[in-house]
Amino acid sequence: MRKLALSDEILMSVDKPARYIGNEVNAVMKDKEQVDIRFAMCFPDVYEIGMSYLGIQILYDMFNRREDVWCERVYSPWPDLDAVMRKKHIPLFALESQDPIREFDFLGITLQYEMCYTNVLQVLDLSGIPLYAQERGEDCPIVMGGGPCSYNPEPLAPFFDLFYIGEGETVFDELLDLYKGMKAKGASRREFLKEAARIPGIYAPAFYEPSYHQDGTLAAFTPLEEGIPQKITKQVVMDMDHVCYPEKLVVPFIKATQDRVVLEIQRGCIRGCRFCQAGQIYRPTREKSVEYLKELALRMLKATGHEEISLSSLSSSDYSALQELVNFLIEECKKRYVNISLPSLRIDAFSLDVMGKVQDVKKSSLTFAPEAGTQRMRDVINKGLTEEVILEGAGKAFEGGWTKVKLYFMLGLPTETEEDCRGIAHLAEKIAKRYYEIPKEQRNGKCQITASTSFFVPKPFTPFQWAPMCREEEFLEKARIVREEIHAQLNQKSIRYNWHEADVTVLEGILARGDRRIAPAIVRAYENGALFDAWSETFHPEYWREAFAHCGIDTDFYTVRERGEEELFPWDFIDIGVTKDFLLREWKRARQEKVTPNCRAACSGCGAKCFGGGVCYEG
């Protein structure tokens, strides 16, 4: 019988003990003596967040289909259990077997957002694994990173043995086969890493060395061993109907952030929003066939018992067979009393019609993302939305019975002026006014507009990677302008305004655009007590300020400085298919306020055609 790593006394003393016991519906149990490779898959945040992430569920299912591999899960212990584990010297453990992570062959850590970086160190520390890769011995797991933040792995490079760049369904089997064979031959850790570095998409930081100019910019990024590639090429799945996808999702014991069946309908995005990293790194757009999705949806609902199904995509409105798929799901879900969730829809009549079909008479709120308050700024960011379309969409929503609208904007975008900031308030006011233009007898009570602004971070592999970033006080001043302008509006009682934390955003920018010289500051912040930085109640900016000062890091170098066109970036050794020339061209078009058509309208020559196929190359 499986013995829990934590005693009943400890479990009863911490919040939500079900986070740590495993054995959920569809969790995979194997005999550890009958497998050759043990893989611990980690999401470095609390259980409820990690269990909502589709990527781990895909790899968990894919690995466990192999008879020679047992993949288990591990999440960051919440601070209450973290303190107990340190005090009682309890090592971090996997949910399925409850065995210590240090006993595994691999520890795979997904890097979904920069604010989890101190949690990565927590996972290593509690596991008894040295933080720095160069200090690990033959008895330590291979620590491997992946996910969107691995597209600039350099701030974390000293802590990882390997990074996987791209989609995990491509060369993971090759990597595991290599490890299994070399392990059987008694090869050393370094010998394996060197061979792994030759597999496409695998980056081994120990075999590369950066050098810097006197002004601090990157001079060169050099492989240290013969046969190690100069460039790491992103791995992409092109046949979406025959790629591994879990039918039996692990069902959490407690409510997760996204507690539902997740049906991935496509990858990539045909839109070319210049601020959006995902829209570039996941190119080209690849769809799953509607017949395959119909079958998969029914199998997943049967295997999980979930009461809701959600369509997963960067832009669901652009899936070519959305109407057919939604009509099918409406019919099938009605029989099973299952709700349908449709995120990532655009503001248009088609999308509103689709949403109207799946939501009941008591309409929930609608979410629109204009991103900018003026047409000039929407052209700069290539949003592809006019004010006319936004107001028309809002009007149709109000006429359809919705009364609550959430609007998402960004502040601090390149070339933004005070007029652009005030434009956010004016657009919210026009949307509220549009509601009161409906005949009174057709209104459903009062309308509520919630305008939320996040602060802009120029991410790697976007046209804005050359752009400067605002300082904390500049972000707050922009938010003040929006707030005061909203308070001056006629319909201000119908409009609420929220804004993101500016100090968190600045830290995100440093980590997103950093290089290896940032790593010691991450360690220092962790030693100061930084943990769960993505959570406002546990974020302590003073820990980070002290860390950067202690390490002698000028944070303005990574944030407020505009990059030169010829500058070598810390992430330029990664080839995502989309070329740097294209991104630079888009950066110039942004400053000229020129719009680039979406991929279905015209091919813009981004370079992703090198992978072959994709809806962006039709016609």
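Which residues in helix 9 meet which residues in helix 10?

Tutor: This is a predicted model, where local features need pLDDT of at least 70 and side-chain atom pairs need 80 or more, while totals for chains, interfaces and linings use all residues. Residues are numbered from 1 along each chain as its sequence is written, and side-chain values use heavy atoms, without hydrogens or water.

From helix 9 come Val-290, Glu-291, Leu-293, Lys-294, Ala-297, Leu-298 and Leu-301. They meet Glu-324, Leu-325, Phe-328, Leu-329, Glu-332, Cys-333 and Arg-336 of helix 10. Contact means heavy atoms within 4.5 Å. Helices are DSSP runs (H or I, at least four residues), as are strands (E, at least two), numbered from the N terminus.

By class, this contact has nine nonpolar, five charged and no polar residues. Ala, Val, Leu, Ile, Met, Phe, Trp, Tyr, Cys and Pro count as nonpolar; Asp, Glu, Lys and Arg as charged; the others, Gly among them, as polar.

Now the geometry. Helix 9 spans residues 290–304, and helix 10 spans 322–336. They pack at an angle of about 20°, with their axes 10 Å apart. Axes are lines fitted to C-alpha atoms over the stretch in contact, and angles run from 0 to 180 degrees between N-to-C directions. Helix 9 and helix 10 are therefore roughly parallel to each other. Under 35 degrees counts as roughly parallel, over 145 as roughly antiparallel, 65 to 115 as roughly perpendicular, the rest as oblique.

Compare helix 6 (residues 172–184) and helix 7 (residues 189–196). Their angle is about 150°, and their axes are 10 Å apart. Helix 6 and helix 7 are therefore roughly antiparallel. Their crossing is right-handed. Helix 6 brings Leu-175, Leu-178, Tyr-179 and Met-182 to the contact. Helix 7 brings Glu-191, Phe-192, Glu-195 and Ala-196. Six of these residues are nonpolar, two are charged and none is polar.

Back to helix 10. Its residue Leu-322 is touched by Leu-345. Leu-345 lies in the loop between strand 14 (339–341) and helix 11 (349–358). Leu-345 also touches Ser-316, Ser-317, Ser-351 and Met-355, not counting residues up to four places away in sequence. With a relative accessible area of 13%, Leu-345 is buried. Buried means under 20%, exposed over 50%, partly exposed in between (1.4 Å probe, protein chains only). The C-alpha atoms of Leu-345 and Phe-368 are separated by 8.2 Å, though the two are 23 residues apart along the chain.

A cis peptide bond joins Arg-283 and Pro-284, with omega about -5°. Pro-284 sits in the loop between helix 8 (278–281) and strand 12 (286–287).

Two further backbone details lie elsewhere. Thr-415 has a positive phi of about 70° although it is not a glycine. Thr-415 belongs to the loop between strand 16 (404–411) and helix 14 (418–436). At 36% relative accessibility, Thr-415 is partly exposed. Glu-593, another residue other than glycine, has a positive phi near 60°. Glu-593 is in the segment after helix 19 (580–591). At 36% relative accessibility, Glu-593 too is partly exposed.

Key:
Left-handed = near helix turned anticlockwise from the far one by under 90°.
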